[in-house]
Amino acid sequence: MEDQLLSLASYDPPLEEIYKSLLKSQHGGSSPRSVHEEIIVEERELPLIDLNKLRLGDKERQECKREIAKASEEWGFFQVLNHGISKNLLDQMKEEQVKVFRKPFVEKVNDKNILACSYRWGAPSATCLTQVSWSEAFHVPLSHIYDSGGLSSLSSTMEQYATSMSELAQYLAEILAENIGQDSTYIKKMCVPNTCYLRMNRYPSCPWLQEVTGLMPHTDSDFLTILHQDQIGGLQLVKDGKWVAVKPCEEALIINIGDLFQAWSNNLYKSVEHRVVINKWNERFSTAYFLCPANDIIIESCITPSVYRSFTFKDYMQQVQDDVKVFGYKIGLSRFLNII
Ligand SMILES: O=C(O)CCC(=O)C(=O)O
Ligand SMILES: [Fe+2]
């Protein structure tokens, strides 16, 4: 195993060192297979919605809007086809993403340009194996991207990508707001492009572990997320109390509801727990766009009696951070339940 552990590339974060030392301290160096149960997870296709119908007649448009609302209520996740984002731009983004992740680890940590302070990797302070996420990411505020002036191919691609994703996110948010009888531009006013985030994820392969978590189970702390993934697979989500694996669909983007939409819709739309398991032989890439409001925006349910008390986005994120520090995981919306 020693030799295999040294097989990760120099651009990889030191995941194997951390994993190895935690393994030794917790299991006296026993086989890693013994620390992860092998669980068979059913593969399901997410609801697949063709956004082309929004451009057709009134009947098709209304039907498509209903499908979006229904999937947000029942799954909290769905896929969209004909979303208006060109394959060329998606491919270009992937290419740029591969290039930045191929940089040496120290360069990624110390980037002084558009990616400054945005690098994360899966285990810098893990104290037990279950806290290790076998992945690395750049979590970039869109304000950085727009301030960088598109000078490099990375920044101009990220800018185009973010702009296209913003439009799609706003459009879907409008449909979901309208469905609950709210002003369709409300979320647009709260979430200007500058307050949103782009996250580039990479999950290295790992042939010597049976089941490693690429990204710990979590819900997203935003209004909604648009995910572009490659064809490797690994995303899983909770449906009817069970983990299900999402079958990748090449032309589709994945949309998921975040905590803020769940709170604002008073639990109508569901922010569903999801995670990523890694592939034994292939690294995996994904890019997530997070539709977020400004820090001081108050999130208050538009339906009464409200399940949650009102809070600012800043309070919410602070609570998430505090909980992660104290408990090692995010507690999320249940922290803000209205106690009647
Ligand atoms: O890579 C994925 O499939 C999911 C990523 C994700 O959940 C996130 O970045 O919040
Ligand atoms: Fe997520």
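Colleague: What joins E5 to E4?

Modeller: 3 bridges, with E4 (residues 119–121) and E5 (residues 136–141) running antiparallel. Arginine 120 has alanine 137 in E5 as its bridge partner.

Colleague: Wait, how far can I trust this?

Modeller: It's a predicted model, so local features need pLDDT of at least 70 and side-chain atom pairs count only at pLDDT 80 or more, while totals for chains, interfaces and linings use all residues. Residues are numbered from 1 along each chain as its sequence is written, and chains are lettered from A and ligands numbered from 1 in the order in which they are written.

Colleague: New topic: which residues are around ligand 1?

Modeller: Among them are Arg199, Asn201, Asp220, His274 and Ser286; a residue is near a molecule if its C-beta atom, placed from the backbone, lies within 6 Å of it.

Colleague: And which elements give two or more residues to that shell?

Modeller: E6, E8 (224–229), E12 (274–277) and E13 (284–291).

Colleague: Helices now: at what angle do the axes of H3 and H7 cross?

Modeller: Roughly 85 degrees, for H3 (residues 58–74) and H7 (residues 153–179), using lines fitted to C-alpha atoms over the stretch in contact, with angles from 0 to 180 degrees between N-to-C directions. So H3 is roughly perpendicular to H7 (65 to 115 degrees).

Technical notes: Pairing = 2+ DSSP bridges. Helix = DSSP H or I, 4+ residues; strand = E, 2+ residues; numbered from the N terminus. Parallel < 35°, antiparallel > 145°, perpendicular 65-115°, else oblique.
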